Amino acid sequence: MAGEQVLRAILLSCIPSPALVLSMVRSRRSKRKKTTPLPADGAESSPPPPRARGRWLKRACLVGVALVLLLLGMVWWQERELSRAAQALEQGETRYAMYLVGKFLGRNPSNSRALAIQARGLLELGYPDETIQIFDTIGAASREDMHALARAYMLRGEWSSAERLLVRVLQLTPDEPNTLYELASCQIRLGRFQQALTNAQKFATLPDQAARGQVMIGSIHGDMGNDREAADAFAQVLQEDPQAENVQITPAEFYLRYGRVLLRLGKPAEALEPLKRSVADGPSGTAFTLLGDAASQLGRSEDAALAWREAIKLEPVSFSARTSLANLALLSGDGKGAIEWLEPITGEENLPSRTTYLLQRAYTLLGDAEAADRWREKTAELRREEQHLSMLEEALVSQPGSFWARAVRAHRFANEGNWLQADLLVTQLVEEAPGEPFVIELADGIRRRSGKLPSLMRVPVTRFD
């Protein structure tokens, strides 16, 4: 399309207009008048013969045609060079494509098509910042350009910016698998689970995408707390791909997610097999912890303890595994043993109330009233916070677009170090409520790239809209 427009413009600008041709003829006449001897007195001057005028018209047309052909040849050569670079990029020959487009830009540094190809190549080489900078200058005109820019934003964690572009790309090429998948991924990270679910379901119906689509559907349902639907989706994955080898996550991660959902559904016996496969494919502290939980729920305490110890070997600071082992010690009346399991994590942040409650019990069992009271107060404080955060979680799922849901999400992005996305969200919040103290403090912390963010305990849960 762009090449056709360029050719049309060249043709219109280079073909001599009738006025130009007439001007050339008149100019030639004037020259002839200067060099032609004056007629004798009384003789009338005569105009140039028609044959001479015809010759000059033909010459003017030939010059115009020659110019057009020359410019068409130049455009064709340029398009050929850029087409070779674009083709190399599509075939995965990124460095060769960058070499070709670099040579071209050396002669034509402002050519927008060449710059767009260069931007897409930079993205493939892992330079999203440079890709965004180029497209900010020349604009993303084509579907390929918009898709590349969206992917660059995704690499930087700017999910909002990427989502807007991917929606447009999907309008241009409906049912394109990569675009659908990427759009759903952005929406998951923005907490728009229902929209993400719709796109994931559509993705799963495309040829050869059923297993990958069901993994995404199951993960979204898990995030939404729909454990039964999540388990059904994960079971469907194994029907499509029995070894879970051709999906977007590792087999170990897939079986971990499946086993966790089954445990939450109160099905420890069914959870054992996927959790065993998870630790076999890729041992992790989380998988061993859940395997121990399943064994414990089935009354197999020794097997559970072995699994929890393996979890601690892999992840020494494992709240859940250490808390479970401490609980086993308390069940046998061993308060000192319980404290030994918990002592390495007592100074960690985000200690759960379940852990502090066990410390309270252990010190009570040992007769240390002062320490027991200290941990009792800590337990009560943590339970209030956990209840508040649990209510926020429910509101995030049920009202993802509400003001306070976006504020909580901005807070979380900032805690994760994703300052760009946090800044995008908080800027909108400041515009909507410039006088809200929590938002003002949050915006200040984000723009300073500071860890001093206002506590989420200040977010109201009774008026979350």
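Guide: Here is a chat about the words used for this predicted model and the values behind them.

Visitor: Okay. What is the chain's secondary structure made of?

Guide: The count for the protein chain is 23 helices and 0 strands. Of its 465 residues, 43% are buried. And if you take the contacts with a separation of 6 or more, 51% of them join residues 24 or more positions apart.

Visitor: Which residues of α21 and α22 meet?

Guide: From α21, you have Phe-403, Arg-406, Ala-407, Arg-409, Ala-410, Phe-413 and Ala-414. On the α22 side they meet Trp-419, Gln-421, Ala-422, Leu-425, Val-426, Gln-428, Leu-429 and Glu-432. Sorted by type, that contact has 10 nonpolar, 2 polar and 3 charged residues.

Visitor: Now α17 and α18. What makes α17 roughly antiparallel to α18?

Guide: Same test, new value. α17 packs against helix α18 (residues 335-342) at an angle of about 175°, with the axes 7 Å apart. The cut-off is over 145 degrees, so α17 and α18 count as roughly antiparallel. On the α17 side the contact is made by Arg-322, Thr-323, Leu-325, Ala-326, Ala-329 and Leu-330, and on the α18 side by Gly-335, Gly-337, Ala-338, Glu-340, Trp-341 and Leu-342. These residues divide into 7 nonpolar, 3 polar and 2 charged.

Visitor: What does α17 do with α16?

Guide: The axes of helix α16 (residues 301-314) and helix α17 (residues 319-331) cross at roughly 145° and come within 9 Å. Their crossing is left-handed. α16 brings Ser-301, Ala-305, Trp-308, Arg-309, Ala-311 and Ile-312 to the contact, while α17 brings Ala-321, Arg-322, Ser-324, Leu-325 and Leu-328. By type, that's 7 nonpolar, 2 polar and 2 charged.

Visitor: On to single residues. How do you know whether Asp-208 is buried or exposed?

Guide: Look at its relative accessible area, which is 80%. Exposed means over 50%, so Asp-208 is exposed. This residue sits in the loop between α10 (193-204) and α11 (210-224). Asp-208 also has a positive phi of about 65°, although it is not a glycine.

Visitor: And Gln-209, why is that one called buried?

Guide: Its relative accessibility is 14%. Buried means under 20%, so Gln-209 qualifies. Gln-209 lies in the loop between α10 and α11 too. Setting aside neighbours within four places in sequence, Gln-209 is in contact with Pro-177, Phe-203 and Ala-204. Its C-alpha atom is separated by 9.8 Å from that of Asn-246, 37 residues apart along the chain.

Visitor: What makes Asp-227 count as buried?

Guide: The value is 13% relative accessibility. With the limit at under 20%, Asp-227 counts as buried. You'll find Asp-227 in helix α12 (residues 227-240). Not counting residues up to four places away in sequence, Asp-227 touches Val-261, Arg-264 and Leu-265.

Visitor: Last one. Why is Arg-449 called partly exposed?

Guide: Arg-449 has a relative accessible area of 42%. Partly exposed is the band between the buried limit of 20% and the exposed limit of 50%, so that's where Arg-449 belongs. Arg-449 lies in the segment after α23 (437-447). Its phi is near 55°, a positive value in a residue other than glycine.

Terms used. Residues numbered from 1 in each chain as written. Predicted model: local features only at pLDDT ≥ 70, side-chain atom pairs only at ≥ 80, totals over all residues. Heavy atoms only, no water. Contact = heavy atoms within 4.5 Å. Helix = DSSP H or I, 4+ residues; strand = E, 2+ residues; numbered from the N terminus. Nonpolar A, V, L, I, M, F, W, Y, C, P; charged D, E, K, R; others polar. Axes fitted to C-alpha atoms, helices over the stretch in contact; angles between N-to-C directions. Left-handed = near helix turned anticlockwise from the far one by under 90°. Buried < 20%, exposed > 50% of the residue type's maximum accessible area, 1.4 Å probe, protein only. Parallel < 35°, antiparallel > 145°, perpendicular 65-115°, else oblique.
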